[in-house]
Every structure is written in C-alpha cells, then in structure tokens.
Amino acid sequence: MSQFAINILFVGGSFALYIAIAIWAKAGSTKDFYVAGGGVHPVTNGMAIGADWMSAASFISMAGLIAAGGYANSTFLMGWTGGYVLLAMLLAPYLRKFGKFTVPEFIGDRFYSKNARLVAVICLIVASVTYVIGQMAGAGVAFSRFLEVDATMGLIIAAVVVFVYAVLGGMKGITYTQVAQYCVLIVAYTIPAVFISLQLTGNPIPALGLFSDHTASGMPILDKLNQVITDLGFNEYTADVDNKLNMVLFTLTLMIGTAGLPHVIIRFFTVPKVADARWSAGWALVFIALLYLTAPAVASMARLNLMNTIYPEGTQSAPIQYDDRPNWVKEWETTGLIQYTDKNGDGRIQLYNDTPAFQSEAEARGWKGNELEVNRDILVLANPEIANLPGWVIGLIAAGGLAAALSTAAGLLLAISSAVSHDLIKGSINPNISEKGELMAARISMSVAIVVATYLGANPPGFAAQVVALAFGIAAASLFPALMMGIFSKRVNNTGAISGMLVGLAFTLVYIFVYKGWLFIPGTNNLPDTPDNWVLGISPLSIGAIGAIINFVVAFAVSSATEEPPQEIQDLVENVRYPRGATGAVDH
C-alpha cells in the first residue's frame, strides 16, 4: 500500500469518527451549543481541554521552534504550562460559580454595563481570530503534505472539515469530538517519539532519552547536537539567552494570556459544579503534560536527524548531492515548505547559518549561501519520515497533527460565535431574539469566522506558534486584567474596566501591527521585525505583558477617580469569591 493510501486511511478514518460524533451529539438548544448542556464529567472535560489546548502550535509548531532555537524557545513550554496553573487557581472556579455562558457576559454583569460587555466581545474576537489564523495555517501545512496538494488547497480542505463538525455540533459536539481527537493526537505524538528515542539513544522514554547518550557517537545527545550545529555556524542549542527582559516578558505574556483565553475558559462552564471545574483543570494538566514532557525531546532529535540527513558522512564539508536527497525531501518540496536553490552550482545541498560570523568559513568551503529553506512547522510532521519509520507511523502522525489543529480551531470558532450571537446580538442588539434565531446567528457567525481565518491563514504573520503567541499577547493585555479585577477587586468600576481594556488592547495591537503589518496584511509593517528595531529589545510576541500592566494601571486610576461600584455589585464580587454563608475558621 502506498504512503498516500495509508495517509488517506488514517486521516479519513479519524475524520469520519469526528463527524459521526458531531452528528450523534448535535446541539438541539443554545445551552447544548454553548456549554454542552452543563453536564460534562471532569475527566472527559479535562481530556477535551487537553485537545483544545494542544493546538497546531503545540503539536506541529512548538517542537519546530524549539528545534530551531533551542533553549531560547523553551519559553513556549514554560509560559503555556505556567499559564494553565494560573487559570486553574485564579479564574476557572470563580467564573464557573458565576454561572454565565461566556466571558463577555461575566464582564458585562460584573461591571454592570452593556458597553463593558461589548468591549469584551471586541477583545475576544480580535484575540480568537488571531489565534485561529495560526490553527488554520498549521492545518494547511498538514493537509498539504499528507494529501499531496499545495498549502492553499490544504488550508481550504481544513476549513471545510472544521465547518462541518463545528458549525453542526456546537460545544456538545465539539466536546466529545475533542475527546476522540486527544486520543488520536497523543498517540500520534508519542509513538514516533518512542521509536526515534530508541533509534538515537536506546531509551524508549523520550523525555529521558533527551539526557541519554547518543548511541552512534557515545556522546550525550545534546552535546552531539551542539557539536553538529556549531560546526555549521549556528548558536549552541543549549546556549543561554542574552535578552533576559524579553524572555521574562514573553513567558509572562504566555502565562497571563493563557489565563485570559476565552475558548479555554468557556470549557469550565460545561461541568455541573464549581468543584468539577477544579478537577477538570487538574485532569487537563495531566493530559497536557504527556505531550509537553515529550516535546523537547522530539525537537532535539528532529534537529539532529535533519542535520544527519543533509550531512550523512558526519562531516560538515560533504553535504549530500541534491539528486540523492531522500524521498521525504521530494515530497515536502511539492508543498513549497522546503525550497532548494543551488547557489554555487555544485549540485550539493548546503545547509548552514549564513551570517557574517560564518562567512569566511563558508567561503573556504566554496559555499555561496544557505541553499535549503525548511519551514519550521514541518519538523514534527516530517520527523517519522526523516527517521525512516514505518508508513503507518507517518499516517498516524498525519491524523494527530490534523486533530490538534482542528480541535483548537473548533473551540476558538465556538468562542467567537457565542460572543457574536449571545453577547452582541442577544445581549445588545436584539434581546428578544428566539432561541432558534440565536442558534442560527451563532452558526452564521462561526461560518464567517472560518472564512476570515482561512483567508488570513493563507498568509500568516509568522509560524503557527508565533501567530498563536500574538493572540496570547492580545488576550493578556485586554481580557485577563478585566477578569482578575472583576473577581478580586470590589473597587474597580465599569468606567475603569472599559478604559483599561481599550487602552491595553489598543497599545498592544499598535505595537504588533507596526512590526507584523496592519491587520496582519503582508507588506504593511512600518518597521522590520528584528531585535535591533524593537523598543528596549521587547518583541511583538512579548508586548502583551506590558499591555496588561497598562490595563491594570489605567483601570485602577480611572476607578479611583470615579464613583464606587453599586453595593449589589460589591456583594456579587464577595459572593463569587466566597461561598454563601461561609464563616471564619474555628480554632479547636
């Protein structure tokens, strides 16, 4: 059986399962559509959260970024994991106790203002659309390779599949679909990792294999990787980061952005009780850890395998002939995600860090520039092929990569649709809309969001994980402070909250657009997105933390200069934070 047929079998079988689940769990009411009826078991919800969370950024792109940047890009792991702890401890139980369908509904009621709810809708849509661009881009990468089409056609196919099961099933269908998707993606991620760890280190546990010896050379595998890439002008894989400020701000942005993302928060409204929200968060951390503990090993081993493919003799002066390139390179070339240019006409593939510091060494070897461009987002998907694993493993990781991208895309689209239909239309424009009309509005808005995300996903402002990081920055600067102040401060009023959200959002978006292009349209950026152009060395990916600080300062300053919230709102905050009727601890 050909590899294409195997891919179709795995991908087609998994998609048939997802669509069947969506039909079986079709939403019949707005409560089913928004919060799956509110009766999801904590373990089931934890698994669904895991799938929702482990997006194309986690499955496809994160390991690719770590592979390319080494220790410097481990901030993705630290920020996303730490953010989940924040979400579980500081937000999820209190929001579940409040008992509303959506994040904007909480903000609107807590700050006793339709305008606050409307501003929250705007923040949610901007963050979620940015996030879903990354998911669609990642899905397009996966589809393009495994269905052997170009990246644009892969993106369109991904959009059609998401449309079918997300628009039909709502949260109820998405929840049970995501349980199936988690099972597919975690098996798909770990099985190739086990095989590759055994090949390179003899250790079947990838996380331990990362700290084991390289079988062929006897060196610790990270030392071997450092040796291989530094000989080609790249920085050490384990090298420290020069700009500590940017690293801290980026990690903080990912953490508080995680705690402010509406498509994750909304999942805690699907369980019956407040205690179940805490248990859901705990189970989600367990399920997420299974992948996140494996990702650094996958990244390191993928980088080493790639370099060994181009330099099979172990000497960096003798790269392979282009005509002798392995089949996996040929297959990925058809997608446009690997590109080769023979700059010195020798017919060989020179892959190295083409910088002034390495220029003299490159000239001595007769090299006239790096000749192979490899999109970082393909490394995890290509890893089984690079390591010559069986065809069924390649098919499995194809299904897993698509499950990761599409599960999160569905959750994001649901957050967008609920914000438009429930918070904007029902909450502001037409409060008397029927349940059937609200459900139709939700599905129409989700369809529009898919079209917009697909269009922007064709030209994303970065790799999948980088685009997702931008969304985290937007959520960090706009929604997270409002949620925190709404739960833990009685003094912040509607004027302060609205001012803080608007200023935080505007500041963060302007900073991002200056470097990434206005509305992410290619070629509209004012400055090149390079460290020497960043203000105080702060990347657009890290600016969300500064935006959040500005949000907090503005909200408290404006609130202090205006009237206190009504007493009933202060009582509401007290009730959300403490169980009704609770008394102080008694010393026995």
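Visitor: Which residues does threonine 253 touch, not counting those up to four places away in sequence?
Guide: Threonine 253 touches Phe472, Gly473, Ala476, Leu541, Ser542, Ile543, Gly544 and Ala545. Touching, or contact, means heavy atoms within 4.5 Å. Bear in mind that this is a predicted model, where local features need pLDDT of at least 70 and side-chain atom pairs count only at pLDDT 80 or more, while totals for chains, interfaces and linings use all residues. Residues are numbered from 1 along each chain as its sequence is written, and side-chain values use heavy atoms, with hydrogens and water left out.

Visitor: Where does threonine 253 sit?
Guide: Threonine 253 is in helix 11. Helices (H or I, at least four residues) and strands (E, at least two) are DSSP runs, numbered from the N terminus.

Visitor: Is threonine 253 buried or exposed?
Guide: Threonine 253 counts as buried because its relative accessibility is 0%. The cut-offs are under 20% relative accessible area for buried, over 50% for exposed, and in between for partly exposed (1.4 Å probe, protein chains only).

Visitor: What about isoleucine 256, buried or exposed?
Guide: Isoleucine 256 is also found in helix 11. Its relative accessible area is 8%, so isoleucine 256 is buried.

Visitor: And which residues are around isoleucine 256, not counting those up to four places away in sequence?
Guide: Isoleucine 256 touches Leu86, Ala476, Phe480, Ala545 and Ala548. Ala476 and Ala545 turn up for threonine 253 too.

Visitor: How many Å separate the C-alpha atoms of isoleucine 256 and proline 356?
Guide: Those C-alpha atoms are separated by 38 Å. Along the chain, isoleucine 256 and proline 356 are 100 residues apart.

Visitor: Phe480 touched isoleucine 256. Which residues are in contact with phenylalanine 552, leaving aside its neighbours within four places in sequence?
Guide: Phenylalanine 552 is in contact with Phe480, Pro481, Met484 and Met485. Phenylalanine 552 lies in helix 22. It counts as partly exposed because its relative accessibility is 24%.

Visitor: New topic. Where is the empty space?
Guide: Rolling a probe the size of a water molecule over the atoms shows where empty space is left. On a 1 Å grid over the protein atoms alone, a cavity is a set of points where a 1.4 Å probe fits but cannot get out, and a pocket is an open set with protein on both sides within 12 Å along at least five of seven lines; lining residues have an atom within 4 Å of a point.

Visitor: What is the volume of the largest pocket?
Guide: The largest pocket has a volume of about 1,600 Å³. A volume is the space filled by probe spheres set on the grid points, which are joined across faces, edges and corners.

Visitor: How many residues line the largest pocket, and which lie nearest its centre?
Guide: There are 47 lining residues, and Ala68, Gly69, Ala72, Asn73 and Arg376 lie nearest the centre of the largest pocket.

Visitor: Which helix gives the most to that lining?
Guide: Helix 4 does, with four residues. Helix 4 (56-69), helix 5 (75-98), helix 11 (244-260), helix 14 (295-310) and strand 2 (372-374) each supply at least two residues to the lining of the largest pocket.

Visitor: How many of the residues of helix 14 are buried?
Guide: In helix 14, 14 of the 16 residues are buried, so the helix is largely enclosed by the rest of the structure.

Visitor: How many cavities of 30 Å³ or more does the structure hold?
Guide: It holds two. The largest cavity has a volume of about 50 Å³, and the second largest cavity has about 30 Å³ of space.

Visitor: What lines the largest cavity?
Guide: Tyr189, Pro192, Ala193, Ile196, Val298, Val380, Asn383 and Ile397 do. Helix 8 gives the most to this lining, with four residues.

Visitor: And what lines the second largest cavity?
Guide: Thr102, Val103, Leu124, Pro262, Ile266, Ala415 and Ser418 line the second largest cavity.

Visitor: Last one. What is phi of asparagine 388 near?
Guide: Phi of asparagine 388 is near 60 degrees, a positive value in a residue other than glycine. Most residues other than glycine have a negative phi. Asparagine 388 is in the loop between helix 17 and helix 18 (391-429), and is exposed with a relative accessible area of 68%.

Visitor: And what is phi of leucine 536 near?
Guide: Phi of leucine 536 is near 55 degrees, also positive. Leucine 536 is in the loop between helix 21 (494-516) and helix 22 (543-560), and counts as exposed at 70% relative accessibility.
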